[in-house]
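Subject: Structure for you to look at

Hello,

Here is the structure I promised to pass on. Please open it beside this email and follow along.

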Amino acid sequence: MRRVLVALMVFVVVSGFAMAQQEKPMTLKAVLLEQLRSTHNKAEWFVPANTAVAGLTPAQASWTDKSGNHSVGQLANHLVFWDREMLAKFKGETPAKFDGNNDETFNSFDAKSWDTTVKQLDEVMTEWENAVEAADEAKVSLWASRIAHVGAHNAYHIGQMVYVRKLQGVWDPNKGVK
C-alpha cells in the first residue's frame, strides 16, 4: 500500500510539473523560431521545405504543367532570393541588387543549378533561424511582423511545390500530404 501511495504522489508531482511547463507562455522569439523551423525542416502542420524539395532530379524540378504554374525549381529559387533579401535587411546588410522585377526571382532558375538551389534554400533558412535566435528581444519585436511574413511566404510557396509535385506524379503521400 505504501508503494502505491508513493507512486501516486510521484505521479501527481510529475504531472503537476509537466502541466506547469506547458502553461508557460511562449516568447515572441520562440513563436517566430517555431514558425521558421516548421517551414524549413521540422514537419508539423504542413510539409517543410526540405521535404518538399527532397529527391527531385533537375528535370523533375524544372517540370511545369504548362498552365502558368511555376516549377518546384522556380519556387525554390524565388524563396532563396526573398529569404536572402529580407535576411540581409534584418542583419543590417545591403541586399543584392534588385531591379524590382519579381518574375526574375522565379525565372532565373536553371536546372543545372538544382542541387545548388536546394543547398542554398537550406542554408538561408538555417541562417534565418540562427539570426533570430541570436537577436535580442527588442530587435525581434521590431521585426516580428516581417519575420512572420517570411514564414508565411515560405509556407505558401512550399504548398505550391507539393501541389506541383502531385500534378507531376512525383510526390510521396507518406511525406505528409495525401
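The structure holds five salt bridges. Keep in mind that this is a predicted model. Side chains of opposite charge can pair when their charged atoms come close. Three of these bridges are described here.

Start with E133 and R37. They form a salt bridge, and their closest N and O atoms are 3.2 Å apart. This pair links distant parts of the chain. E133 sits in helix α7, R37 sits in helix α2, and 96 residues separate them. E133 counts as partly exposed because its relative accessibility is 43%. R37 is also partly exposed, at 31%.

Next, find K89 and E85. Their side chains meet in a salt bridge at 3.5 Å, N to O. Both are in helix α5, four residues apart, so about one helical turn separates them. An α-helix has 3.6 residues a turn, so residues three or four places apart point the same way. E85 is at 8%, under the 20% cut-off, so E85 counts as buried.

E123 is partly exposed at 35% relative accessibility. K119 reaches 52%, which is over the 50% cut-off, so K119 counts as exposed.

Now back to α2 and α7, the helices of R37 and E133. Two packed helices are described by the angle between their axes and the distance between the axes. How do the axes of α2 and α7 cross, and within what distance do they come? They come within 10 Å and cross at roughly 170°. That is over 145 degrees, so α2 is roughly antiparallel to α7. On the α2 side, the residues that meet α7 are K29, L33, L36, R37, T39 and H40. On the α7 side, they are D122, M125, T126, W128, E129, V132 and E133. The bridging residues R37 and E133 are among them.

Next, the core. The largest nonpolar core has 37 residues. Those with the most contacts inside it are F90, W114, L121, W128, V132, I147 and M161. Which helices each supply at least two residues of this core? They are α2 (28-40), α3 (49-53), α5, α7 (114-134) and α8 (137-168). The largest share, nine residues, comes from α8.

W128 is then in contact with L36, D83, M86, L87, F90, I147 and V150.

Last, helix α5. It runs over residues 72-90, 19 residues in total. From its first C-alpha to its last it reaches 27 Å, close to the 27 Å expected at 1.5 Å a residue. α5 is mostly covered, with 16 of its 19 residues buried. N77 is buried, with a relative accessible area of 14%. Beyond its neighbours within four places in sequence, N77 is in contact with T105, F106, S108, F109 and T117. Just after α5, G92 takes a positive phi of about 80°.

Best wishes

Technical notes. Residues numbered from 1 in each chain as written. Predicted model: local features only at pLDDT ≥ 70, side-chain atom pairs only at ≥ 80, totals over all residues. Heavy atoms only, no water. Expected span 1.5 Å × (residues − 1). Buried < 20%, exposed > 50% of the residue type's maximum accessible area, 1.4 Å probe, protein only. Core = buried A, V, L, I, M, F, W, Y, C linked by side-chain atoms within 4.5 Å. Contact = heavy atoms within 4.5 Å. Salt bridge = Lys/Arg side-chain N within 4 Å of Asp/Glu carboxyl O. Axes fitted to C-alpha atoms, helices over the stretch in contact; angles between N-to-C directions. Parallel < 35°, antiparallel > 145°, perpendicular 65-115°, else oblique.
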